[in-house]
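Thanks for coming. I will go through the packing inside one structure, and then its aromatic rings.

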Amino acid sequence: MKKVFAVGIVLVLMGSLAFSPAMAFSLESQVPELSVTADGIILPSTMGLNIWNGAMVDRADTLESLAKGTEELPYVPLGTPIHFTFDGDAPDRMALTGYVLNEDGTQKYWVDVPQDELPFTFEDGEGSFPLPGNFLTMLSSDSRDYEAGQSIQGFKLTCAWGENECEYAFMLRTDAGIWEDPAQGVGKISSDTPVRITGAILDATMNTIKIRAEDGRTLAFSTVDADKTKCKGLILGSSVDVFYTGEIIDEDTSGAVVTALVQ
């Protein structure tokens, strides 16, 4: 009987250290609501408890939950100031992280290192940061991901009031690329950042290459100034990564400058 009694005590204690989703819902009214805007546009957002009143909360990922309940994401250009405010007491501590997402809110690119915190300012009850873009958006081999408004990005703002902690999440559409402060002598979107497109080689000469891209387009490039040191013969039918700056419109590559070919 003593063993049974001891197990019962442990189960009761374990139950007191975690909230079910239903119990967590009743506690969310205690948490200040977050309002997020970009150039006057309200961004969709949600909130999930992490730790509240000493207990861990069992819940779904905030960005995935938000994606399920959002029909359309607003488009926000890179560099646009993002503002957020609370309708109650400001947190004691805050940390902001950004992610590149699929349509369902899952991460599009997984990395083995922790996400770096994004810098932001918080004064007089309002937080602000310029939409920075994300270097992971430059990893896609699908040229459609580089079209305007095709990058879905999400943000998690972890906030704490003493020992209580929750996580806010918000999402938007923007462009692939990285924004840097023009005050530092750099334009909003770095045009010097090469874009990658992958395809099968249809033809190759000393100074040109023609590929069948993964999206089905036939693309011909001049490779006069391209770095070919990482090529393995450019054999017809083999795969090649073409890195370029500028832009490609449909199958018109006249606005693109190839910087490197990699196999």
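In the largest nonpolar core there are 26 residues, and those touching the most other members are Val31, Leu43, Ile82, Leu157, Tyr168 and Phe170. A nonpolar core here is a set of buried Ala, Val, Leu, Ile, Met, Phe, Trp, Tyr and Cys residues joined through side-chain atoms within 4.5 Å. Buried means under 20% relative accessible area, exposed over 50%, partly exposed in between, with a 1.4 Å probe and protein chains only. At least two residues of this core come from each of strands S2 (34-38), S4 (45-52), S6 (81-86), S11 (151-161) and S12 (164-174). Strands are DSSP runs (E, at least two residues), numbered from the N terminus. Apart from this core lies another, of 21 residues, including Tyr146 and Leu219.

This is a predicted model, where local features need pLDDT of at least 70, side-chain atom pairs count only at pLDDT 80 or more, and totals for chains, interfaces and linings use all residues. Residues are numbered from 1 along each chain as its sequence is written, and side-chain values use heavy atoms, with hydrogens and water left out.

Now the rings. The whole structure has eleven aromatic pairs. Rings of Phe, Tyr and Trp (its six-membered ring) pair if their centres lie within 6.5 Å; planes under 30 degrees apart count as stacked, over 60 as edge-to-face and the rest as tilted. Phe129 and Phe170 make a tilted pair, 6.5 Å centre to centre with 45 degrees between the planes. Phe129 is in strand S9 (residues 126-130) and Phe170 in strand S12, 41 residues apart. Both Phe129 and Phe170 are buried. One aromatic cluster includes Trp52, Phe84 and Tyr168.

Terms used: Helix = DSSP H or I, 4+ residues; strand = E, 2+ residues; numbered from the N terminus.
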